[in-house]
Amino acid sequence: MSKAGALDLASGLGGKIEKKEVLSAVEQYEKYHNLYGGADEERKSNYTDMVNKYYDLATSFYEFGWGESFHFAHRFNGESLRESIKRHEHFLGLQLALKPGQKVLDVGCGIGGPLREIARFSLVSVTGLNNNEYQISRGKELNRIAGVDKTCDFVKADFMKMPIPDNSYDAVYAIEATCHAPDAYGCYSEIYRVLKPGQCFAAYEWCMTDAYNPENREHNKIKAEIEIGDGLPDIRSTTQCIEALQKAGFEVIWSKDLAKDSPVPWYLPLDKSHFSLSSFRLTAAGRFFTKNLVKALEYVGLAPKGSQRVQDFLEKAAEGLVDGGKKEIFTPMFFFLARKPL
């Protein structure tokens, strides 16, 4: 995992946004969301701007607290968070039956933590597709440090309209990324187009489960907290994801909410009642430390104005994720494996 420290956090806050514009960007981002009077359709129509602002604002916090792989994981008793995250990534490679030398596409790759892990584990070449310039520049630097810059690269593009020829890749995967798409069918259709016939697409999707009740005010509050804290236009149901895959032309081989049988709850690292030295920065004490660190950095001018506001909505997201996990109305790991027919 990344060893980003306080100065790395301070220097990266705001991403590619001019430091003096960070507070304004935070205000614009907040206005997209229900908690601040925003609407689903506005978020969907402006998803590129919303998601880009989110990752410019949040990436340094993610790397500081989470490492290079920005995702949750199915976890066994006695397994560390870091071990579970790596196994979660290896599981994708195995499900896709990756073979040495194949060309693989990571849709919504973040700063490339899973990309590097899967490339080394499966001996494949991985292209990371991402529409955020700051994350790509960070990912390229981390690829160089890891020594995979000759076999792994990045493409800056919107996954709703990829500048990639048809039938280009031997496999495609997405880890908690295509939930940012305003339309699942449109996103899956693009993935279908760039995937070679007979090959597979696997993903972990953020979804509302069948236990979610859209008429329940508490459920909707939790959903809204997750959406603002994680840059999402609207969280889909598991059924909507499967229907969108089939509509795009995929054969769904199998699907399952992996959160259901995880011996260690996926949300445990964010639960304020939990403490862990190995993932201290994610605990209540660690987040309290980060909050005050950011406050001090902003006060002395090392972090741009608005940084505290970003930390606040990320904290709101953590609370929503834990509540959603405990009530079993939300999952970050609805897994599916789908094939493009020959």
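## Ground rules

Residues are numbered from 1 along each chain as its sequence is written, and side-chain values use heavy atoms, with hydrogens and water left out. Since the model is predicted, local features need pLDDT of at least 70 and side-chain atom pairs count only at pLDDT 80 or more, while totals for chains, interfaces and linings use all residues.

Helices (H or I, at least four residues) and strands (E, at least two) are DSSP runs, numbered from the N terminus. For residue classes, Ala, Val, Leu, Ile, Met, Phe, Trp, Tyr, Cys and Pro are nonpolar, Asp, Glu, Lys and Arg are charged, and the others, Gly among them, are polar.

## The cavities

On a 1 Å grid over the protein atoms alone, a cavity is a set of points where a 1.4 Å probe fits but cannot get out, and its lining residues have an atom within 4 Å of a point. Grid points are joined across faces, edges and corners, and a volume is the space filled by probe spheres set on the points. By this rule there are 2 cavities of 30 Å³ or more. The largest cavity has a volume of about 900 Å³, and 50 residues line it, with Tyr55, Tyr62, Phe70, Gly229 and Asp230 the closest to its centre. Helix 4 (47–66) gives the most to this lining, 10 residues. Helix 6, strand 2 (125–130), helix 9 (217–230), helix 11 (284–299) and helix 12 each bring at least two. Sorted by class, the lining of the largest cavity has 26 nonpolar, 16 polar and 8 charged residues.

The second largest cavity has a volume of about 40 Å³. Its lining is made of Phe72, Ala73, Arg75, Leu81, Ser84, Val264, Pro265, Trp266 and Pro269. That gives 7 nonpolar, 1 polar and 1 charged by class.

## The largest pocket

A pocket, unlike a cavity, is an open set of points, with protein on both sides within 12 Å along at least five of seven lines. The largest pocket has a volume of about 400 Å³. Of its 21 lining residues, Thr209, Asp257, Ala259, Lys260 and Glu328 are the closest to the centre.

Which element gives the most to this lining? It's strand 7, with 3 residues. Helix 10 (238–248), strand 6 (251–257), helix 12 (307–326) and strand 7 (330–339) each supply at least two. The lining of the largest pocket comes out as 9 nonpolar, 6 polar and 6 charged residues.

## Helix 6 and its partners

Now for the packing. Axes are lines fitted to C-alpha atoms, for helices over the stretch in contact, and angles run from 0 to 180 degrees between N-to-C directions. Contact means heavy atoms within 4.5 Å. The axes of helix 5 (residues 81–95) and helix 6 (residues 113–122) come within 9 Å and cross at roughly 60°. That makes helix 5 oblique to helix 6 (under 35 degrees is roughly parallel, over 145 roughly antiparallel, 65 to 115 roughly perpendicular, and the rest oblique). Lys86, Glu89, His90, Gly93 and Leu94 in helix 5 meet Gly113, Pro114, Glu117, Ile118, Phe121 and Ser122 in helix 6. Their contact has 4 nonpolar, 4 polar and 3 charged residues.

Helix 6 also packs with helix 7 (residues 133–146), at an angle of about 30° and with their axes 10 Å apart. Here Leu115, Arg116 and Arg120 of helix 6 touch Gly139, Leu142, Asn143 and Ala146 of helix 7. By class, this contact has 3 nonpolar, 2 polar and 2 charged residues.

## Helices 11 and 12

How are helix 11 and helix 12 set against each other? Their axes come within 9 Å and cross at roughly 165°, which makes helix 11 roughly antiparallel to helix 12. From helix 11, the contact uses Arg287, Thr290, Lys291, Val294, Lys295 and Glu298, and from helix 12 it uses Ser307, Gln308, Gln311, Asp312, Glu315 and Ala318. These residues divide into 2 nonpolar, 4 polar and 6 charged.
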